[in-house]
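Please read them with the structure open beside you.

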Amino acid sequence: MEFTQELIDGLTVNEVAILKRVAEELKIQPAQVSAVVSLVAEGCTIPFISRYRKEKHGSLDEVQVRDSDHLFKSYHNLETRRIEIIKGIFTQGKLTELLHANVMKAATLTELEDLWAPFKKKKKTRGMLAIERGLESLADLMEQKDKGAVDAAAPEYVRIDEENTELSVHSADEAIQGAMDIIAERIAQDPDNRADIRAWYYKTGEYVVTGVGDEGAQKTSVYQMYWDYKEPLNQIKPHRVLAINRGERDKALDVKIEVDTDGAIDILLRKYPPANDYHRQSIEDGLIRLLSPAVVREIRSDLSDKADDHGITVFSENLKNLLMQQPIKGTRVLGIDPGIRTGTKCAALDETGKYLGSFVIYQHKAAEGEAAVLKAIKDFNIQLVAIGNGTGTREVQEVVAKVIGDHCPSVLYTVVDEDGASVYSASDVAREEFPELDLTIRGAISIGRRLQDPLAELVKIDPKSIGVGLYQHDVNQKKLSETLDEVVGSVVNNVGVNLNTASFSLLKYVSGINGTLAKKIVAFREAGGKIVSRDQLMKVPGMGPKSFEQCAGFLKIPESPDPLDNSWVHPENYEAARVVWTLVQEKKDVTQDVRGDIKTKFSLGDQTITDIIDELKKPNRDPRDGFPKPIMQKGVIAFEDLKEGMMVTGKIKNVVDFGAFVDIGIKETALLHLSEMSDQYVKDPMDVVKVGDVKECRIIGLDLDRRRISLSCKSGASASAASSTSATPRRVVAVKRGDGSPSSAPGSRSAPPDRRPAPSRQPRNEREDDGMTYNPFADLLKGKR
C-alpha cells in the first residue's frame, strides 16, 4: 500500500461505522443513534430529547439517549485521535504498512498512545535507529532463515557513515543486535499480541500488596487488611482497588502486579515459531523489555478506571434515590439542628419552606427547652418536627417526645440525616438566601426543608458532601462531578420545577437553563412578582427561542390560569392538547377518530398524542410519590438501648459494594452486610435495596467498643454469618515489579499457558471485609459530622 499525501489528507472519521457500533452495543437501531446525535448537535438536551422528541428517536428511554450520546462522542474522539497519529507518523516519513495496520487495529486510546509514544520522543528507539541503519531486511531474514544464514548475511550490513556516525554499523554482531531490536518492537507493537498477553495476565496475574513499616505501624494503620495481601486480578473488587490505590498514594502500601512472563513467552513462541535462536531471543526481549511493562501498566490503569467507574456508578445511583425521596407536602415543620456547646438551633418553616422564626434550646435545661418547643408548635402551628441526627440528637429527641406526648399527640417527629447541612449553612448560596441569619440557624432550616422537599434542598449542596458515595475522594474528580451533575439534572427534569418557588440552585439544573439564566429568572421574578404563564418566560433577559424550547415543558406554574402551564405538555403542543383537555373535562374518551384528526391536523406522532392524553387524564404526577415516606419516631432510643435479637426499622442511607448502611434513628449508622440481606444469594446489594428504602431488620451484632451495629434481613431466629471461602494454593514464577522492570524466580518455568497456576493463598473471608477495615471515610459513612 502506497501512502501518499493525498491519501493521508483525505482521511476522515467514518461516522456511519460509529453509529452502527454504538447501536450494536446498545442493542438499538443505527437510525435511533443518528437521531440522538443530530438532536444533540442542534443544541437539544438529553432530558428534552428523552421526553419531547420520542418520534425522532423511536421512544428510547433517558439512559439509552444519554448512552448513545456518550458512546458516539467517545468513539468519535478515538477515531479522530487515530487519524491524528497516522498523519503524525506519516509526516515524519516513518509510516509503514505494518505500523499502519497496528494503528488501525488499536482498540483503545491507551494502545494508540503507546504506538505513538516512540514517534513523539526526541530520543529514537533502538528499533527505529536500526531501521534507519538499513537493518530491516536483515530482520526479515532473521524471521525466516536459520542461524547460519543470518550469521553469513550479517557482515554485508557493516558500514561506516562518516557524515552521520549514528547510522554506522561497526560489526556483524551490531547488525544482528539491530535486527533483533526491530523484531522485538514488531512483537511489542502488534495489538493482537498485546490483547493475548493482557488476557493471559488477567487470567493468571495477582495484585500483591505489602504494608510500609513495622508491626507497630501495622497495628495502627487503617490499611491493616492490605498489609500482606494478594488477590487474583480477575477477582479483585472495585472498592478494594480504590482502597489499595489510596494506601499507595498515602505511602502506606507498596503495590505491584505479579504476572507469569514465562507463560506469556510460551504464548508468543507458539504464535511465532522461532526460525533460530536470534529470533527466539528477539521474541523474549520484545515481551520482557517492551510489551510486558506496557501491558502491566495498562492493566493497572484499566482496573483503576473500572474501579473509578464503579464507584461513580454507585454514588450516582445512591444520589438519584436520595433525591427521589418523597417530599412531605403542605406541612409546617420545625427543623432542629442538635448541638451541645452552643445549644440546639430550632427554625420554624411554613408549608412552602418559608422561614418563620428561630430560637435556641439547651439540653441541660430540659424544662426551658420543652417550654420553648411547645410555644413554637403552638405559635407557628407546627405539624412535624425534623431533628438532625448529629451530636446531642438523643437528648433533643427526649425533649420533643415529652412535649408531643404530654401536649401535642397529633404532632409527629422524625430524625433527618444532616450530612451536608453544615456545608450548606456556610455556603454562598445560604448567605445569599439568609444574609441576616447565623449559619447555625441556616443549618436548622436546611434540616427542616430537606424533609419538606429533599430535592429542592439537596441540590444546594455539593453532592460529594451528602455522604452517599463509595470512596468518592479516590475516583476521577472531573468525571465524578460531570456524572453527578447529570444525575441531579436528570432527577430535576424528571420531577419538574415550580417556576415561582424554585431557587437558583434548582433552576440551573433545568433543561436549557444555565447558572446565568437561572439568576436572571430569579431576578425577573423578584422584580415583577409571580410569573403567571410560560409565554412570560420569553420576557426574561437572555431567554431565546432555543432556551425556551428546551426548558418550558419542565417549568410548572400552578398560579397560571391555563391548566396546561402546570402540566408536562410542551407549549409547542398546546393547540392539540386543548382538544384533548376539553374531552377530558367532559369525561369523554379520546377515540381513535379523534386521535387521527389530531395527528393529521397538528402533524403529531402517535407517541406524543398518547403522552398528552396520559398527562391530562392525571396531570402533573410526581414520580417521587411511589418512594417510601420518612419513618416517624414512636420513642427515643440510643445505642445503649440496643440488644442482639432486637427488631428495628431503618431507612437505607447508603448502598456500597459490601452491603448497606442503615439509619435506625440514632447517631450511629448500622451495617446490613451483603451476606445478611436475604435468604437467597445476593451478588449486588443494589439488586435488593436502594437509598430511601425502609427495612425491618434484626440486630445480630453489637460492638460496644467501636459502637458498631450489625443487622440482618434473613428469616429465622438467628442469622448466620457468611461462610468463609477457600481456594487452592497459587504459584507465581515470574514477577513484574510496580515500575515494570522484570524479575524472575531463578531456574523456574511456569505452567504451560493452557494450565492456570493455582492461587498462593486463601482469599480473605468476605465477612471480614465490612468496608471499615480501610476507613478514611468511616466516620462519614457512619453519619458522624
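1. Salt bridges, overall. The structure holds 59 salt bridges, a salt bridge being a side-chain nitrogen of Lys or Arg within 4 Å of a carboxyl oxygen of Asp or Glu. This is a predicted model, in which local features need pLDDT of at least 70 and side-chain atom pairs count only at pLDDT 80 or more, while totals for chains, interfaces and linings use all residues. Residues are numbered from 1 along each chain as its sequence is written, and side-chain values use heavy atoms, with hydrogens and water left out.

2. Lysine 105 and aspartate 192. The side chains of these two residues meet in a salt bridge, with 3.1 Å from N to O. The pair links distant parts of the chain, since lysine 105 belongs to helix α7 (residues 97-105) and aspartate 192 to helix α13 (residues 191-204), 87 residues apart; helices (H or I, at least four residues) and strands (E, at least two) are DSSP runs, numbered from the N terminus. Lysine 105 is partly exposed at 37% relative accessibility, and aspartate 192 is likewise partly exposed, with a relative accessible area of 37%. Here buried means under 20% relative accessible area, exposed over 50%, and partly exposed in between, with a 1.4 Å probe and protein chains only.

3. Aspartate 181 and arginine 126. Which helices does this pair tie together? The salt bridge between aspartate 181 and arginine 126 has its closest N and O atoms 2.9 Å apart. Aspartate 181 lies in helix α12 (residues 172-189) and arginine 126 in helix α9 (residues 126-132), so the bridge ties together parts that are 55 residues apart in sequence. Aspartate 181 counts as buried, at 7% relative accessibility, whereas arginine 126 is partly exposed, with a relative accessible area of 43%.

4. Arginine 578 and aspartate 562. A salt bridge joins the side chains of arginine 578 and aspartate 562, at 2.9 Å from N to O. Arginine 578 is placed in helix α28 (residues 574-585) and aspartate 562 in the loop between β10 (555-556) and α28, so the pair ties together parts that are 16 residues apart in sequence. Arginine 578 is partly exposed, with a relative accessible area of 40%, while aspartate 562 counts as buried at 16% relative accessibility.

5. A salt-bridge network. Salt bridges also link Glu111, Asp114, Arg194, Arg198 and Glu298 in a network.

6. Cysteines. With a disulfide taken as a pair of cysteine sulfur atoms within 2.5 Å, the count comes to zero disulfides. Cysteine 44 is in no disulfide, and the nearest cysteine sulfur, that of cysteine 551, is 13 Å away. For cysteine 551, the closest cysteine sulfur is in turn that of cysteine 44, and the 13 Å between them is too far for a bond. Cysteine 44 is buried, with a relative accessible area of 8%, and cysteine 551 is buried as well, with a relative accessible area of 0%.

7. Nonpolar cores. A nonpolar core is a set of buried Ala, Val, Leu, Ile, Met, Phe, Trp, Tyr and Cys residues joined through side-chain atoms within 4.5 Å. Of the 149 residues in the largest nonpolar core, Tyr201 and Leu711 touch the most other members, and helix α17 (residues 277-323) gives the most to this core, with 14 residues. Apart from this core lies another, of 21 residues, among them Ala348, Leu374, Val400 and Val411. Leaving aside neighbours within four places in sequence, the residues in contact with leucine 711 include Val648, Val662, Ile664, Cys697 and Ile700, where contact means heavy atoms within 4.5 Å.

8. Packing of helix α7. Where do the buried residues of α7 fall around the helix axis? The buried residues of α7 are Leu99, His100, Asn102 and Val103. Seen down the axis, these residues fall within an arc of 160 degrees, so they line one face of the helix; the arc is that of the directions from the helix axis to the C-beta atoms. Among the elements that cover the buried residues of α7 are α6 (62-91), α8 (109-120), α12 and α13.

9. Glutamate 258 lies in strand β3 (residues 253-258) and is buried, with a relative accessible area of 8%. Aspartate 161 lies in the loop between α11 (147-153) and α12, and counts as buried at 17% relative accessibility. Leaving aside neighbours within four places in sequence, aspartate 161 is in contact with Leu167 and Ser168.
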